[in-house]
Amino acid sequence: FFRYRGSPNPIDERLHALCQVNVDLFDETLSSSCIHLQFYSYNAFIYQRLQQLFRWMPGFLRRSPIDYLTSHLLSIQGYFHSDLSHQMRMTRDGEILVVEKVENPETEVVFRKLVRKIRGLHRYFGGMPMAPWALQGPPGLGYHVGGSVPMSADPSPTESVLYGRPFGLQRTHLIDASTFPSIPATTITLTIMANAYRIGQQR
């Protein structure tokens with residue numbers, strides 16, 4: 001994401017590499033559920049990528065465009081609801097567990113619409129998305145993963161009861177996001193903690 005107004009000398013600023021701003025986008029023309037965007041300011045990863053991009057330039061010339069761009073660039077990491085994301089399917093092949101991607105055709109469509117939406121809001125965001133560099137991460141890369149043994153009031157053999165106990169087991173409870181019936185676009189750490197506490201209270 002390219003900001004119209006730069007920050008002078010971000011390399012020398014005392015910054016952390018965590019998310020700086022969260023934006024939750026609600027637009028029925030894109031999705032019936034929230035789309036979550038996390039904005040990151042300058043970090044060493046951006047500088048390294050720019051060094052690779054301009055490696056063809058002599059060192060004394062390279063610094064000027066890199067310094068300019070680092071003062072204007074942000075990274076945006078976005079998340080869709082699991083209903084709008086690619087899925088992962090796990091099967092067994094003898095003693096081998098096979099994990100494969102299950103394509104969701106809507107993911108690419110909404111992804112491109114989202115980039116255009118951010119471009120249309122450039123006056124409010126104070127910059128423009130750099131669309132050619134927009135990438136989709138493979139399933140599992142975004143760290144908001146779960147739903148492999150979803151809770152159900154009437155569980156099947158691949159589900160769990162409402163307190164995270166997998167079908168057919170008596171003394172085992174799952175307390176992480178694997179029990180979620182779906183994964184929201186927003187961050188899920190506190191929801192996981194609350195659900196784990198709820199399950200732990202039931203003996």
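In this predicted model, Asp27 is buried, with a relative accessibility of 14%. The side chain of Asp27 forms a salt bridge with Lys117, with 2.8 Å between the closest N and O atoms. Lys117 is partly exposed at 28% relative accessibility. Asp27 is located in the loop between β2 (21–25) and β3, and Lys117 in helix α3, so that the pair links distant parts of the chain, 90 residues apart.

The whole structure contains four salt bridges. Another of them joins Arg89 and Glu100, at an N to O distance of 3.4 Å. Because Arg89 belongs to strand β5 and Glu100 to strand β6, this pair ties together parts 11 residues apart in sequence. Arg89 is partly exposed at 41% relative accessibility, as is Glu100 at 35%. A salt bridge also forms between Arg112 and Glu108 (2.8 Å, N to O); both residues lie in helix α3, four residues apart, or about one turn of the helix.

The largest nonpolar core comprises 13 residues, and Leu30, Ile35, Leu37, Phe80, Val110 and Leu114 have the most contacts inside it. At least two residues of this core come from each of β3 (35–40) and α3 (105–120), with α3 giving the largest share, four residues. Beyond residues up to four places away in sequence, Leu114 touches Leu25, Leu30, Ile35, Leu37 and Phe80. A second, separate core has seven residues, among them Ile46, Leu50, Phe54 and Leu69.

On the surface, a nonpolar patch is formed by Met88, Met90, Leu97, Val99 and Val145, which together have about 470 Å² of accessible area. Strands β5 (87–93) and β6 (96–102) each give two or more residues to the patch. Met90, in strand β5, is partly exposed at 49% relative accessible area.

Definitions and conventions. Residues are numbered from 1 along each chain as its sequence is written. This is a predicted model: local features need pLDDT of at least 70, side-chain atom pairs count only at pLDDT 80 or more; totals for chains, interfaces and linings use all residues. Side-chain values use heavy atoms; hydrogens and water are left out. A nonpolar core is a set of buried Ala, Val, Leu, Ile, Met, Phe, Trp, Tyr and Cys residues joined through side-chain atoms within 4.5 Å. Buried means under 20% relative accessible area, exposed over 50%, partly exposed in between (1.4 Å probe, protein chains only). Contact means heavy atoms within 4.5 Å. Patches are made of residues with over 30% relative accessible area and no salt bridge: like charges are joined within 9 Å, nonpolar side chains (Val, Leu, Ile, Met, Phe, Trp, Tyr) within 5 Å. Accessible areas come from the Shrake-Rupley method with a 1.4 Å probe; for residues, only the protein chains shown count as cover.
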